[in-house]
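Here is a short tour of one chain, written for someone who likes the cut-offs stated. Please keep the viewer open while you read.

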Amino acid sequence: MITVIIGIVVVIVIVCAIAGIYNNMVTKRNRIDNAWQNIDTQLQRRNDLIPNLVETVKGYAKHEQETLSAVISARNTAVKATTPEAKMEAALRQLFAVAEAYPDLKANTNFTQLQASLEDTENKISYARQSYNDCVLSYNNAIQTFPAVIFAGIFQFKERQ
């Protein structure tokens, strides 16, 4: 009778340990997804600011259509990007190059405010990327260490980039 009770207790402890490992991996995976959504939100905010900047620049640089087209193309590339890597690489340097060429534009209050908002958004993206990378590191470590590595394979938890 005692051996049956001990056996049941051992089984319960093992089941609880497996459940704890599984729940830990799920929690870390969900944190990654949440961190990516934070990045995506900031990227969308940045993409929403760009048309306002482009319109402001257009008022000062109508004859620079080629440069503006490149800026619009860069924005469209950022909007169409589907992978985290592609979204991260989308940049706005060309727009600020136009600003350097037009001192009056740099003095424009609307442009200055939009540029400050964009820089603030870029800082938030940087912070969100750091948080995302930390979540991925924690998750990858969790699924690659013993004993979780055994259950990660069973429950099909895959390494994240």
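Buried means under 20% relative accessible area, exposed means over 50%, and partly exposed lies in between, with a 1.4 Å probe and protein chains only. By that scale tryptophan 36 counts as buried, because its relative accessibility is 14%.

Before going further, a word on where the values come from. This is a predicted model, in which local features need pLDDT of at least 70, side-chain atom pairs count only at pLDDT 80 or more, and totals for chains, interfaces and linings use all residues. Residues are numbered from 1 along each chain as its sequence is written, and side-chain values use heavy atoms, with hydrogens and water left out.

**Confidence**

The predictor's confidence in each residue is pLDDT, on a scale from 0 to 100. Across the chain the average is 79, and 71% of the residues score at least 70. Helices here are DSSP runs (H or I, at least four residues), numbered from the N terminus. Helix H1 (residues 2–60) has the highest confidence at 88, while helix H5 (residues 103–107) has the lowest, at a mean of 55. Where pLDDT is low, the predicted coordinates should not be read in detail.

**Aromatic pairs**

Rings of Phe, Tyr and Trp (its six-membered ring) pair if their centres lie within 6.5 Å; planes under 30 degrees apart count as stacked, over 60 as edge-to-face and the rest as tilted. How many aromatic pairs does a search of the whole structure find? The search finds four. One of them joins tryptophan 36 and tyrosine 132 edge-to-face, at 5.8 Å centre to centre and 65 degrees between the planes. This pair links distant parts of the chain, with tryptophan 36 in helix H1 and tyrosine 132 in helix H6 (residues 109–144), 96 residues apart. Tyrosine 132 is buried too, because its relative accessibility is 9%.

Another pair, tyrosine 139 with phenylalanine 157, is tilted: 6.5 Å centre to centre and 55 degrees between the planes. Tyrosine 139 lies in helix H6 and phenylalanine 157 in the segment after helix H7 (148–154), so this pair ties together parts 18 residues apart in sequence. Both residues also belong to one aromatic cluster, formed by Tyr22, Tyr139, Phe155 and Phe157.

The accessibility of several side chains is listed here.

| Residue | Relative accessibility | Class |
|---|---|---|
| Tyrosine 139 | 1% | buried |
| Phenylalanine 157 | 7% | buried |
| Tyrosine 22 | 32% | partly exposed |
| Cysteine 135 | 17% | buried |
| Cysteine 16 | 51% | exposed |

As for the cysteines, the structure holds zero disulfides (a disulfide being a pair of cysteine sulfur atoms within 2.5 Å).

**A nonpolar patch**

Tyrosine 22, which lies in helix H1, also takes part in a nonpolar surface patch of about 590 Å², together with Phe146, Val149, Ile150, Ile154 and Phe155. Helix H7 supplies the largest share of the patch, three residues. Nonpolar side chains (Val, Leu, Ile, Met, Phe, Trp, Tyr) are joined within 5 Å, and like charges within 9 Å. Accessible areas come from the Shrake-Rupley method with a 1.4 Å probe.

**Backbone details**

Most residues other than glycine have a negative phi, and most peptide bonds are trans. Phenylalanine 146 and proline 147 are joined by a cis peptide bond, with omega about 5 degrees. Proline 147 sits in the loop between H6 and H7. Glutamine 156, in the segment after H7, has a positive phi near 60 degrees. Glutamine 156 counts as exposed, because its relative accessibility is 59%.

Key. Helices (H or I, at least four residues) and strands (E, at least two) are DSSP runs, numbered from the N terminus. Patches are made of residues with over 30% relative accessible area and no salt bridge: like charges are joined within 9 Å, nonpolar side chains (Val, Leu, Ile, Met, Phe, Trp, Tyr) within 5 Å. A salt bridge is a side-chain nitrogen of Lys or Arg within 4 Å of a carboxyl oxygen of Asp or Glu.
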